[in-house]
Amino acid sequence: MIHEVARAKLNLALHVRHRRPDGYHALETLFAFVEDGDRLTVADAEADSFVITGPFAGTLQAEGDNLVTRARDRFRLAFGNGGPCAILLDKRLPVASGIGGGSADAAATLRALATRAGVRDDDPALLACADALGSDVPACLLSRTAIGRGRGEDLVPMDGLTGIPALLVNPGVGVPTAAVFGRWDGVDRGPIGSGDLLEVACSGRNDLEPPARSLAPAINAVLALLERQPRTRLVRMSGSGATCFALFEDTLACASAAEAIRDAEPAWWCLETALI
């Protein structure tokens, strides 16, 4: 039995530069990952199966297609069947929330199947599987801090953010990625910076935040509440939303903020964690 954590992804900065001729957007982003996420288990079985449990299972169970099974099938096309397997996904991250839940699940599936088959994580064919499944899947396969360019798949791993306390908050609103990109104003506001990664993050921006706020005004309330918390280093929306995050100076400040937000908005999803 093989276990993988599908870690939540944060875009500490996300600069949209232009729309490409192929319809995708050229991005520059600072990816980071946290300690927590969905949990995925793969085991040998007599027949293929896929079961979803966890607090956010209901949303996915209504779908006929899932990135986990697509990742399994694409892995088999690249590396052979390897025999039937039972996949269990413990869905702990909210769906369509800007923290790479589905992409992280697909990447965790690829990692687990690679371990099962004796395939290296950096095998070019495995990276090609990730790229074919979605723009964030290569970053989630890596699951470490990186600068991403292109669609986000051109990755340069970086060091320097491990251990920073982080609080992730979602108001229970899903925001369709395509709709958010569709409302981007098309203005190139410049490249992502270089140097100290926390300074790069703080001096950067998320160009998808204004269109996401227009589609889901609840994001405004999340950001406002996070910004009122003491000893924050950075407050921003991740990806295309609606999850927002705050990075803190220390774990005590993060814990105090989590308690304050849970008291103020008990229906919101709130995850107290740290960057890896």
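Arg231 sits in the loop between α9 (218-227) and β8. Helices (H or I, at least four residues) and strands (E, at least two) are DSSP runs, numbered from the N terminus. Arg231 is not a glycine, yet it has a positive phi of about 60°. Arg231 is partly exposed, with a relative accessible area of 36%. Here, buried means under 20% relative accessible area, exposed means over 50%, and partly exposed lies in between (1.4 Å probe, protein chains only).

The model is predicted: local features need pLDDT of at least 70, side-chain atom pairs count only at pLDDT 80 or more, and totals for chains, interfaces and linings use all residues. Residues are numbered from 1 along each chain as its sequence is written, and side-chain values use heavy atoms, with hydrogens and water left out.

Ala96 also deserves a look. It has a positive phi of about 50° although it is not a glycine. Ala96 lies in the loop between β4 and α3. It is partly exposed, with a relative accessible area of 44%.

Next comes a peptide bond. The bond from Gly241 to Ala242 is cis, with omega near 5°. Ala242 belongs to the loop between β8 (232-237) and β9 (244-248).

Now turn to helix α2 (residues 67-79). Its 13 residues, at 1.5 Å a residue, should span 18 Å, and its end C-alpha atoms are 18 Å apart, which agrees. The expected span is 1.5 Å times one less than the number of residues. Which residues of α2 are buried? They are Leu67, Val68, Thr69, Ala71, Arg72, Phe75 and Arg76. An α-helix has 3.6 residues a turn, so residues three or four places apart point the same way. The cover over the buried residues of α2 includes β2 (25-44), β3 (49-53), β4 (85-90), α3 and α4.

Two of these covering elements also pack together. Helix α3 (residues 101-117) and helix α4 (residues 124-133) meet at an angle of about 160°, with their axes 10 Å apart. Axes are lines fitted to C-alpha atoms, for helices over the stretch in contact, and angles run from 0 to 180 degrees between N-to-C directions. That makes α3 roughly antiparallel to α4 (angles over 145 degrees). Ala106, Leu110 and Ala114 of α3 make the contact with Leu126, Cys129, Ala130 and Leu133 of α4. Contact means heavy atoms within 4.5 Å. By class, this contact of α3 with α4 has seven nonpolar, no polar and no charged residues. Ala, Val, Leu, Ile, Met, Phe, Trp, Tyr, Cys and Pro count as nonpolar, Asp, Glu, Lys and Arg as charged, and the others, Gly among them, as polar.

Conventions. Angles under 35 degrees count as roughly parallel, over 145 as roughly antiparallel, 65 to 115 as roughly perpendicular and the rest as oblique.
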